[in-house]
Amino acid sequence: MPEKDTPDTPETPDAADTPDAADTSLDPHYSGEGATARPWTEAVALLESAELYWLSTVRPDGRPHVTPLIGVWSQGALHFCTGPSERKARNLAANPEVVLTTGANTLTEGFDVVVEGRAARVTDERRLIALAEAWEAKYGADWHFGVTDGMFSNGAGGRAEVFAVTPRTAFGFAKGDPYGQTRWLFA
């Protein structure tokens, strides 16, 4: 069962948002000559600005499930939402461990980020209201949500559970000259 959140304090930077929050290392086996480890702040900037993310979950029978979705980086976590009966919500009920990815769909340029962590339900009303405002600010009025009974709601009667994924481990893949693989480990 996904973990439920605890009541939030007003939005303030936390450890995952700071550049020294992670144990940062460059993997020389997958990095070109002259590559250096990228700072966590660069990954956060991409997580904040990306329009699309890919969520990987595991079905109850063990088969993988991958789906594109939109999301918002806030308070050191990537947030996404899903209808309670959708495949990803059912997968998360059985196993909350996920991988989220975003980046550039190119081979020789750009930067990709992979975040591993546990999806925790966000149910605190104040936090959900702040996230609904962030969704609309990022994606426009088509993504306006209200908050009802610990979920996002819309004018058509739809409801969506909101999840937060705080990075446990993250990887950054620099593409081009030089290629580089950075790993960030969080406490």
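Where is Gln-75 found? I placed Gln-75 in the loop between strand E5 (72-74) and strand E6 (77-82). Strands here are DSSP runs of at least two residues, marked E, and are numbered from the N terminus.

**Ground rules.** I am working on a predicted model, where local features need pLDDT of at least 70, side-chain atom pairs count only at pLDDT 80 or more, and totals for chains, interfaces and linings use all residues. Residues are numbered from 1 along each chain as its sequence is written, and side-chain values use heavy atoms, with hydrogens and water left out.

**Backbone, positive phi.** I looked up phi for Gln-75 and got a positive value of about 50 degrees, although Gln-75 is not a glycine. I noted the background: most residues other than glycine have a negative phi, and most peptide bonds are trans. Next I checked accessibility, with buried meaning under 20% relative accessible area, exposed over 50%, and partly exposed in between (1.4 Å probe, protein chains only). Gln-75 is buried, at a relative accessible area of 18%.

I then turned to Asp-149. Its phi is also positive, about 50 degrees, and it is not a glycine. Asp-149 sits in the loop between strand E9 (146-148) and strand E10 (151-153). Is Asp-149 buried or exposed? I found it exposed, with a relative accessible area of 65%.

**Backbone, cis bond.** I found a cis peptide bond joining Asp-177 and Pro-178, with omega about 5 degrees. Pro-178 belongs to the loop between strand E11 (159-174) and strand E12 (180-185).

**Salt bridges.** How many salt bridges does the rule give? I used this rule: a side-chain nitrogen of Lys or Arg within 4 Å of a carboxyl oxygen of Asp or Glu. The count is eight.

I looked at Asp-61 with Arg-63, where the closest N and O atoms are 2.8 Å apart. Asp-61 is exposed at 51% relative accessibility, and Arg-63 is partly exposed at 46%.

I also looked at Glu-86 with Lys-88, whose closest N and O atoms are 2.8 Å apart. Glu-86 is partly exposed at 36%, whereas Lys-88 is buried at 10%.

My last pair was Arg-118 and Glu-97, a salt bridge at 3.0 Å, N to O. This pair links distant parts of the chain: Arg-118 is in strand E8 (residues 111-122) and Glu-97 in strand E7 (residues 97-102), 21 residues apart. Arg-118 is partly exposed at 33%. Glu-97 is partly exposed at 26%. I traced one network here, in which salt bridges that share partners join Glu-97, Arg-118 and Arg-168.

Note on methods. Helix = DSSP H or I, 4+ residues; strand = E, 2+ residues; numbered from the N terminus.
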